[in-house]
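Trainee: I would like to learn how to read this model, feature by feature. Please start with the whole chain and then go to single elements and residues.

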Amino acid sequence: KVTRHGFPPYLSSSAPYQASDSFGDVGRTRAPWWMEIMVGMVIGAGIAIVLIAILIFFILRRIHLRKAQEAPKYRFRKRDKVMFYGRKIMRKVSQSTSSLVGTSSSSRPRLKKKQKMLNIAKKILRFKKEVPTLQAKEPPPSVLEADLTEFDVANSHLPSEVLYMLKNVRVLGHFEKPLFLELCKHMVFVQFQQGEYVFRPGLPDSSIYVVQDGKLELCLTGTDGKESVVKEVYPGDSVHSLLSILDVITGHQKPYKTVSARAAEVSTVLRLPVEAFLSIFEKYPESLVRVVQIIMVRLQRVTVLALHNYLGLTNELFSHEMQPMRVPPLSPHPARPSTSPIRHGKRFGSLTVPEEHREAAVKGEPSAFCLTATEYFCLFLFFFFFDCAGIQKSLRSDFDMAYERGRISVSAEESNTPPTFTRVPSGVYLYPEEEPGVDSIFAPLPGRPSAALFEEAQKEILKLMRIEDPALLNGRVTLHHAKAGAVLARQGDQDVSLHFVLSGCLHVYQRMIDKQEAVCLFVTQPGEMVGQLAVLTGEPLIFTVKAMRDCTFLKISKSDFYEIMREQPSVVLSAAHTVAIRMSPFVRQMDFAIDWMAVEAGRALYRQDDQSDCTYIVLNGRLRSVIRKANGKKELVGEYGRGDLIGVVEALTRQPRATTVHAVRDTELVKLPEGTLNNIKRRYPQVVTRLIHLLGQKILGNLQQGRGPFSGSALGLPSVTTSADVTNPASNLSTVAVLPVCDEVPINAFNLELSHALSAIGPTLLLTSDIIRERLGASALDSIHEYRLSGWLAQQEDINRIVLYQTDSSMTPWTQRCIRQADCILIVGLGDQEPALGELEQMLENTAVRALKQLVLLHREDGPGPSRTVEWLNMRSWCSGHLHLKCPRRVFSRRSPTRLREVYEKVFEKTADRHSDFSRLARVLTGNSIALVLGGGGARGCSHVGVIKAMEEAGIPIDIVGGTSIGSFIGALYAEERSAVRTKQRAREWSKAMNSVFKTVLDLTYPITSMFSGSAFNTSIYKVFQDKQAEDLWLPYFNVTTDITASAMRVHQDGSLWRYVRASMTLSGYLPPLCDPKDGNLLMDGGYINNLPADIARNMGAKTVIAIDVGSQDETDLCNYGDCLSGWWLLWKRINPWAEKVKVPDMAEIQSRLAYVSCVRQLEVVKKSAYCEYIRPPIDRFKTMDFGKFDEIYDVGYQHGKLLFTGWARGDIIENMLKDHRSADYNDSKRTDVRADFTDLAEIVSRIEPVQSYVAAEGEGPLAHPFHSRNCCC
């Protein structure tokens, strides 16, 4: 359109007006430009505020998360929340349903409908029965903490000086209170200034000194005249020598020679003159005998144990300058000078003593020869070595019980017939090197003037023993002849006799430490005797007596000596004095320096970070070592038993005490001060070698073979370890208390069955209250006989490998004694009964018990397997462990005591089955358990089953099972079945399921965490184990997983079995980590951290660990494919039959190799350890996922194991596994069928009336004693 001028409208003259009109229209419809700017600013500000808010939100959230990390909380999965609310709803539905029960019939249709709804809801929510979990419990304070109150002087009703004297002077503690208080009247207080001498060489050695305040220094004067401090004496400690006390009371007081004591600071000292004893001994001769016996026991236990067994000293302990007496040469073989091979080239000649000096010595008059005269040496030798009772006469009726307690076997054939020289001993040991027969090494004397010889020899004995009435020897002395090479008594023998040499000589030998060879200590010449130390202590021999040439001697039996002593108690003084003068001056010095100390239950021996100034040796009792961590938490480190060395590492390295050690029960120890040890090292450098050996054993922990610090104990004890494994609290047990949960428990049969199993390991003694009353008298458990009972029980621990204490059914004094004496308490219950606390057990729970407790559940042979173990454990306070025992039918059969005795008499005639559960319990109690540890390696682990089958055929028992990955699966199967056949069947079925391609494909998932969801794998494991708990397995079981949440190794011994087996088999990349149901931590395959956990089994108490390794081995022929790898190329190489094959590991192999590499160092340690038997079957050609080749892999393991174990059987490896090294000396010692009893000499002298034999009424109580002593003692 154009205007009439021919121009467009916007170019015509009227265009501006039109334009202005149009712009005006626009102005009226649009906002001004500044308005648009304002709107933009508002929008921008809003966006900025939103962004700032989001930023603040994230910052606050991050701060909140940091705080939450400081106090971690358990994470709950959605399904857990659904289950929680589902249970809450179901609980309400159940309540409403139950409220309708018992209503009218009209409501029953509603009830059925609700029940259907309930079942539908259960199916939808997949409810399962809640399995109880084991409640985590900490050991009670009584187990980990020592009493805070030490020796309390302030709160005692006795004066401090009386308490100190009672505490330190061990002899005085065995006096009755009136006698002890009378002794205390003679005490005087003496104050010394710093540097002032309490006593010094030359002054009479006739007092006991106890420091009340201040400090004394005990010094020894060397050959160069210099004094060296060997012991510092603090308040409450004493300075005395029991040998010096013995010298005073026997009338042979001596002055101090090389020992002196001075005050290191101003000190107050209590002085008790030894003469105070003499007036008491006149009134109470039994106290004299008791003191002498205790001094002899200390000499043998303390001095010999400390100096010989631990420091390796032998003939340094004895004086070699004894002079034999002259005996009329009536024998056609006159005595010749000795040519015995004595160390340091010393020889003993046949010296004579002038008659006047000998008579003066016998009368106790002073003489130049009286202190070293051979009359006393003769007495010493006379009693030092008894042979087993050769000729013994029938005992008078009022002595029967006393002799029975003295371990005396009475020969019925001997009556009051007077002895003659032609009588041959009837009960002499025949040792392996001796051939029994007519030509015995013990034979009557050939034709010679025997009557005159016999009469003259009796006169000599009368003089030596100071016997006033010659009639006391009538019928108690016999004459014998031993041919060259005859062994009269062996080290460790319990029953021996006294020998008085008439012609020839007897050599006295002692085994060297850690060696089989023996050292000749001294030679018994004509006119000398051997045996008095063994008589006075009533303990086993510490030497071997051998006739190197033909020898004629008189012999007195142990029982005959006790008859003489009963008529004339002073004979013990003569015998004891000869022992004292036989000791070397070095032993007398050590008697001042070495302390015999007693620690009450609960008291601390020393505390962590204390200064180390001494070493301790346990004589009897038990101590526990506890460490306090930096966070204040206390942990049990280990326990020490009889013969163990404590604190040697800290003392020799002069480091503070690393742990706190307190007494589990009343304990006696030897205290070896640092200064004394240094003095010994300077005098005898060979001791340093021995100490280095002990220190090396301690530090390296290389005591897995059970070899202790000495091979033959001076006490006739077994070889014990010096805390070979401090991580195993159950090691070195000596006493076990057995406590039934209820009256239904067949406790008598249980103890007899356990005794039978223990007897295969070493001598075992079963004690009940009835046996105690029968053997020690009806009043033996009264408090007034505390020393008698304690000494007797200590003797039983010395001569038996293990002592079983059977408690009564209620908290009687005997039950309290059992708990007090126990190193370990077995709580015995019936597995098929309700897990309720028994009445006696409730009393035990309310008592501060320091001994470790173990729960033992008995199951019938044909009954169901273990179940509800968690409930049993949750009902009780902390237990150190639990065991399930399948019992033979005879255990549960109801029989009278007489019938039960008859049954077990037949059982004891047979050897215990090493595969029985009672034998397994016996190995656990004695520290001889055998563990089987199975390594991880995928399908290669199928060979584990074959090796187990070969182990069964070779007769190797398995007490503990553990493993990693596939090893945890096979191990759990065997722990449940205890049969290689059943284990093979179930493992093969599972392997077939693992080989299913269809299930594997269905389980694939988007690979963010893993390729598979794990559902199919979980189902396969669950089908095998169902809801089985690890606590319900027959054998103790453990497996290992890797906790990637806490970056730590986890050892699982309880809880859901299938879950922890699945967690231990979780290969990274294949399966997702399993969430621990206890704390939600993520668990992966244990092979990444410990693929062969033999060290875990060792810490659980196993002496021997059989470890089977099936992990990946190094391969060097892998293909070099360059810098990158295509899966399609590998697939083509595999499917193309003409293509060259390449060797590249797949994902499973890479994971297996990673697991092997990560713990290769730990594996090398396991291989080299002495406790581990490492086995690796030839299964390298199989891959990790070759589960389809189960039978082939199984057969490889079986054939390899069969070949290997055949070699083990030929090489005695299996026998060494089952051998208890602590019982070696027991088995070497030849013993007769006699009772092992502590001989209380004071009891014999004081004429205690015999008690009537106490026999339990039929139908109640345990078995009578005769069966016990025959089968349970030795």
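Mentor: Buried residues make up 55% of the 1274 residues in the protein chain. Buried means under 20% relative accessible area, exposed means over 50%, and partly exposed lies in between, with a 1.4 Å probe and protein chains only. This is a predicted model, in which local features need pLDDT of at least 70 and side-chain atom pairs count only at pLDDT 80 or more, while totals for chains, interfaces and linings use all residues. Residues are numbered from 1 along each chain as its sequence is written, and side-chain values use heavy atoms, with hydrogens and water left out.

Trainee: How many helices and strands are there in the protein chain?

Mentor: Helices (H or I, at least four residues) and strands (E, at least two) are DSSP runs, numbered from the N terminus. On that basis the protein chain has 45 helices and 37 strands. As for contacts, the term means heavy atoms within 4.5 Å. Of those between residues at least 6 apart in sequence, 80% join residues at least 24 apart.

Trainee: Which residues does the UniProt annotation "transmembrane region" cover?

Mentor: That annotation, from an unreviewed entry, covers residues 37-60. UniProt positions are given in the numbering used here, feature names are shortened, and annotations may be inferred rather than shown by experiment. In the model, residues 37-60 are 100% helix and 0% strand, and the end C-alpha atoms are 35 Å apart.

Trainee: How should I read a sheet?

Mentor: Strands of a sheet pair through backbone hydrogen bonds, either parallel or antiparallel. Here two strands pair if DSSP finds at least two bridges between them. Strand 3 and strand 6 run antiparallel and are joined by two bridges; V210 has S238 in strand 6 as its bridge partner.

Trainee: Why is strand 20 described as largely enclosed?

Mentor: Because 13 of the 15 residues of strand 20 (residues 614-628) are buried, the rest of the structure largely encloses this strand. Strand 20 runs antiparallel to strand 23 (residues 660-673), with 11 bridges, and T615 is opposite L672. Six bridges join strand 20 to strand 21 (residues 634-640), also antiparallel, where R624 has E639 as bridge partner. The hairpin of strand 20 and strand 21 has five residues between the strands, and G632 there takes a positive phi near 90°.

Trainee: At what angle do helix 8 and helix 18 pack?

Mentor: Axes are lines fitted to C-alpha atoms, for helices over the stretch in contact, and angles run from 0 to 180 degrees between N-to-C directions. Helix 8 (residues 242-249) and helix 18 (residues 585-593) pack at about 110°, with axes 8 Å apart. That makes helix 8 roughly perpendicular to helix 18. Angles under 35 degrees count as roughly parallel, over 145 as roughly antiparallel, 65 to 115 as roughly perpendicular and the rest as oblique. L242, L243, S244 and D247 in helix 8 meet V587, R588, D591 and F592 in helix 18.

Trainee: Is D205 buried or exposed?

Mentor: D205 counts as buried because its relative accessibility is 9%. D205 is in the loop between strand 2 (197-199) and strand 3 (207-213). Not counting residues up to four places away in sequence, D205 touches S244, V248, Q253, K254, P255, Y256 and F592. Its side chain makes a polar contact with that of Y256 (3.3 Å). A polar contact is a pair of N or O atoms within 3.5 Å; within protein, one must be able to donate a hydrogen and the other to accept it, and residues adjacent in sequence count only if both atoms are side-chain atoms.
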